[in-house]
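Me: I'm new to this one. Can you walk me through it in short steps?

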Number of protein chains: 2
Amino acid sequence: MTSQDARTPETASGSAEERATGWHKGYLSGSRPDIRVPVRRVHLTNGRDVTLYDTSGPYTDPNIDTDVRRGLAPLRENWIIARGDTEEYPGREVRPEDDGLRHTSPRGGLRNLDAVFPGRPRLPRRGRGGTTAVTQLAYAKRGEITPEMEFVALREGCSPEHVRDEIAAGRAVLPANVNHPETEPMIIGKNFLVKVNANIGNSAVTSSIEEEVEKMTWATRWGADTVMDLSTGRNIHTTREWVLRNSPVPIGTVPLYQALEKVDGKAEELTWEIYKDTVIEQCEQGVDYMTVHAGVLLRYVPLTARRKTGIVSRGGSIMAAWCLAHHKESFLYTHFEELCEILRAYDVTFSLGDGLRPGSIADANDEAQFAELRTLGELNRVAKSHDVQTMIEGPGHVPMHKIKENVDLQQEICDEAPFYTLGPLTTDIAPAYDHITSGIGAAMIAWWGTAMLCYVTPKEHLGLPDRDDVKTGVITYKIAAHAADLAKGHPGAQEWDDALSDARFEFRWEDQFNLALDPDTARAFHDETLPAEPAKTAHFCSMCGPKFCSMKISQDIRREHGGDLALDPEEGMRRKSEEFAASGNRVYLPLTD
Amino acid sequence: MTSQDARTPETASGSAEERATGWHKGYLSGSRPDIRVPVRRVHLTNGRDVTLYDTSGPYTDPNIDTDVRRGLAPLRENWIIARGDTEEYPGREVRPEDDGLRHTSPRGGLRNLDAVFPGRPRLPRRGRGGTTAVTQLAYAKRGEITPEMEFVALREGCSPEHVRDEIAAGRAVLPANVNHPETEPMIIGKNFLVKVNANIGNSAVTSSIEEEVEKMTWATRWGADTVMDLSTGRNIHTTREWVLRNSPVPIGTVPLYQALEKVDGKAEELTWEIYKDTVIEQCEQGVDYMTVHAGVLLRYVPLTARRKTGIVSRGGSIMAAWCLAHHKESFLYTHFEELCEILRAYDVTFSLGDGLRPGSIADANDEAQFAELRTLGELNRVAKSHDVQTMIEGPGHVPMHKIKENVDLQQEICDEAPFYTLGPLTTDIAPAYDHITSGIGAAMIAWWGTAMLCYVTPKEHLGLPDRDDVKTGVITYKIAAHAADLAKGHPGAQEWDDALSDARFEFRWEDQFNLALDPDTARAFHDETLPAEPAKTAHFCSMCGPKFCSMKISQDIRREHGGDLALDPEEGMRRKSEEFAASGNRVYLPLTD
């Protein structure tokens, strides 16, 4: 979304690095000094400004001195304290097994003790008495507009009342754990801009803490609205602490992954107690939303036996294994209300996981998938009755003609709760290009109502994404999200396209680069064939060369035949045709040759 | 499309190079020895075969010795001669200005004389008397099934009668100039597999003959069904000759580009005579289809004056400039019937160009665009009445919610003639990623009825594509085309997805790679994190690591609970749960750690 007339022209002076990339950090001011909404300002060469949504956090503000060892400033801390409904408390003691160290192993252990996050110690916070609902949903239901809601309204270019009403209706969530005061508030709902999540996380095989923090800041720089830390290897607790303390966007997790590490990977040894303890551990750290696969019921598991690719959700398969081993409904389902009471005391948002999502074209929209969706619909109502914000996860692998049914059913069954989908991938045949197979599905499902898209990188099915893959995944999904914003007719969405197309038509190359989703690559591609500085102001490009350029002719047509001509073509055309001939029929300027 | 039971198991023994890439060339046999349809054979490690559509030509057959200086064998020559309706004739004399040498220039001239194609001399061929219709449309209307139609039927896995009937109805085209006997016949129509075109071509700024021939063979290797040579610089005639003599796929051009070079880039100096001479030149060389912007009428030009990006089609802007300069309807429109008479004597297919296509989201589906489409509908009927095969070009830049209207209108106005669209791009904001912005639109418009997709590369709007860009563009568009085949329920399309998903579920990594659209990249991505050979047979990947894999659990569920369980869940589950516990609740094999 863009706003040609920035509401408050407060602009940080750009550093050399920022001028080079064409991003300039600015802020929109709210009703009070501590509500300052970051934006990306692009100053065009024609003197106009374009203001873009910005997820990159304080890192791109040259006036803020960031340090990953100290963490980000707790932007929301005073808002949380001022509400007077939370309390600090000693919290759960961090134990070695939180980092997967219960079982000694030759490969195990923190690589160095310095890895423990060195920032200021902070007691965890929760709703008074440990049960008070301190959720944005609870406030919205009471008619309150929180600073977080006002922040979001400025960010989205809508009224705070609209934000409040959408949250109150359960059509949107504002993930904001009271223990993650570093977040810049954002909202997920179909009546707002479509959002993008980037997954990061180490595994038993690869990656370090430093890499994960770097991936998080890198992902948000390119536009990730939230980040999920899906670590499954060692140092899960510590990695998450570093990520949270440095993240300007909400962080999501799948607590089950860590719980499984605590029982050394033996799914059948999982218990409600171990899981609950892990959830509280993560609530205290500040996780903003948690994927919970509570819809995998015992009777649904056999429905997957004849599938082509069975259960592909890691959480889903863990719970299926547990259900089979114990021949009982999972503890996630049987203890769901207790889980609600925990989450609401921190304002952690549910992301009800689709453990039975299809993992291949053949399995899309089958009985197992939709049976689980109906259970998620029930759980959504339970969560809402406890004032816990909730979104619903969706597939997966779905051919184009079966996509709309997914979102239509989800919206109906889950009372319009935000849908949060992984792709979907529209074909299985292109490993190494699944950002594209899924980008197609993502754009379509977002147009039809999905509120947030979980990215897929080129490494999907093949390995863990590196820095380049993270960027490619985020850019691809920002394209899908924006294409959906356009198709939904989101107010303001087209201004960005229009600004870029104007720059293209007028041969303002630098403006084209700076307005691009990825200015660096756009500039680099142009320079490959026309590297010289004069080419940046040339009225042609390397496609047609200087001799004949369609854009140039169009400009001539507009200049010669614009205005009254469009209203009175026949007469005007005749007159102009004569002028055109008299001027020597010049339709281009021979710039070279 | 795949066929698990190849019709004729004739397989060329793979060279070392081919074994490395996992492609093995095979052929399907028709009713006579000279009908041999190339296929890509993938031999799976489980002993099964998957047969894929193959566009790569003789280059991937180790039993054929190809030489770009000699050109490909004239596969169709005997079929054409045997019909007895064509004649050889001296043909037009090739002149220096055909290569843009009318005006001497310090930069001009062939870089070396060796660039003249050295293959065997061949007289051009045309319909007897220069006017006889020798088109596949004429044959189809008469009820004939040509060898080309039989070839296509084998390729598509349908009956020859279906091919004939679709061509006769004008719903499909089989581009096959009698002077391009090297082509392996293919068909473009909504009731066949969706096809992909790749553009190549030099410009005044970049590229050489050698590069263009290399791009053509590279594009077809990755799946391009046709190639358009859009050269605009020097050596247009000679470059095209090299491309045609070496191309196993139909070649398209925009004759106007060369005609403009002949008048030194001065649009107003173009005449019907110069254009006609250029068309004949290209007909004699063997161009299979030609883009003709005959729908740009004088009265439509002012409709573009108020557009955001005016006229972005190069051909459209040339013709608009001509119309304005002369204040007359273009010679393409006024001489259209004469053009039909030329094309039908060579069986050149019309690709009626959309010269007024939108070049930005803001201009999509506007009056100028649809006014031209209505004129293309008229011209389509004129062409058909002359037995000239015809397809219709489409946009461009279109937001998702306006895509369906494009194809619905085109199908209605143009009597279901094949639609051939460029993307469309679904947003303007991502230069350097327009293969993705347009891949989204391409998949959707193909689902809804577009027969062929013109690719867009990452360099769109920024420069000319190099070898890597060509590959990325083709792969992206093969994804879009296949996703559309799936969504249309094309018979056999899903077999490819199923084969790959089976391999994925069963951890047959080599089969996954070999079945992938791009085996090389899939293998390389996997090896980045798990390079060792044992990882190729491992029952896990780097996402979850060896300790817990969802696919592995699913396999256990299938093994333990498949079959009767799916029919009788409750009872079976109880029994199996006990067995599961008795077996030690093992849901995975601890391969390492």
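This is a predicted model: local features need pLDDT of at least 70, side-chain atom pairs count only at pLDDT 80 or more; totals for chains, interfaces and linings use all residues.

Me: Okay, the barrel. Which strands of chain A close into it, and in what order?
Reply: The order is S10-S11-S12-S13-S14-S15-S16-S17 in chain A. That is 8 strands, and the pairing is parallel.

Me: How far are neighbouring strands turned against each other?
Reply: On average by 25°, with direction ignored.

Me: Zoom in on one pair. How many bridges join S15 and S16 of chain A?
Reply: There are 3 bridges. S15 covers residues 390-394 of chain A and S16 covers residues 419-422 of chain A. The two run parallel.

Me: And which residue stands opposite A:Ile392?
Reply: A:Phe419, in S16(A).

Me: What holds paired strands together in general?
Reply: Strands of a sheet pair through backbone hydrogen bonds, either parallel or antiparallel.

Me: New topic. How do S4 and S5 of chain A run, parallel or antiparallel?
Reply: Antiparallel, with 5 bridges joining S4 (residues 36-43) of chain A to S5(A). A:His43 faces A:Asp49 across the pair.

Me: What's in the turn there?
Reply: S4(A) and S5(A) make a hairpin with 5 residues between them. A:Gly47 sits in the turn and has a positive phi of about 90°.

Me: Is S5(A) enclosed or open, and why?
Reply: S5 (residues 49-53) of chain A is largely enclosed by the rest of the structure, because 4 of its 5 residues are buried.

Me: Now chain B. How many bridges join S4 and S5 there?
Reply: 5 bridges join S4 (residues 36-43) of chain B to S5(B), and the strands run antiparallel. B:His43 stands opposite B:Asp49. In this hairpin, with 5 residues between the strands, B:Gly47 takes a positive phi near 90°. For S5 (residues 49-53) of chain B, 4 of the 5 residues are buried, so the strand is largely enclosed by the rest of the structure.

Me: On to helices. At what angle do H8 and H10 of chain A cross?
Reply: At roughly 50°, and the axes come within 10 Å. H8 is residues 255-262 of chain A, and H10 is residues 314-326 of chain A. That angle makes H8(A) oblique to H10(A). The crossing is left-handed.

Me: Which residues make that contact?
Reply: From H8(A), A:Leu256, A:Tyr257 and A:Leu260. From H10(A), A:Arg314, A:Gly315, A:Ile318 and A:Met319. By class, 5 are nonpolar, 1 is polar and 1 is charged.

Me: What about helices from two chains, H16(A) and H15(B)?
Reply: H16 (residues 467-487) of chain A packs on H15 (residues 434-447) of chain B at about 45°, with axes 10 Å apart. So H16(A) is oblique to H15(B). H16(A) passes H15(B) in a right-handed crossing.

Me: And who touches whom?
Reply: H16(A) brings A:Thr476, A:Ile479 and A:Ala480, and H15(B) brings B:Ile436, B:Thr437 and B:Ile440. The classes are 4 nonpolar, 2 polar and no charged residues.

Me: Last one. Where is B:Asp354 found?
Reply: In the loop between strand S14 (349-352) and helix H13 (367-385) of chain B.

Me: Is B:Asp354 buried or exposed?
Reply: Buried, because its relative accessible area is 6%, and buried means under 20%.

Me: What is B:Asp354 in contact with, leaving aside neighbours within four places in sequence?
Reply: B:His293, B:Ser313, B:Glu372, B:Glu393, B:Gly394 and B:Pro395.

Technical notes. Residues are numbered from 1 along each chain as its sequence is written. Chains are lettered from A and ligands numbered from 1 in the order in which they are written. Side-chain values use heavy atoms; hydrogens and water are left out. Axes are lines fitted to C-alpha atoms, for helices over the stretch in contact, and angles run from 0 to 180 degrees between N-to-C directions. Angles under 35 degrees count as roughly parallel, over 145 as roughly antiparallel, 65 to 115 as roughly perpendicular and the rest as oblique. A crossing is left-handed if the near helix is turned anticlockwise from the far one by less than a right angle, and right-handed if clockwise. Contact means heavy atoms within 4.5 Å. Ala, Val, Leu, Ile, Met, Phe, Trp, Tyr, Cys and Pro count as nonpolar, Asp, Glu, Lys and Arg as charged, and the others, Gly among them, as polar. Buried means under 20% relative accessible area, exposed over 50%, partly exposed in between (1.4 Å probe, protein chains only). Two strands pair if DSSP finds at least two bridges between them.
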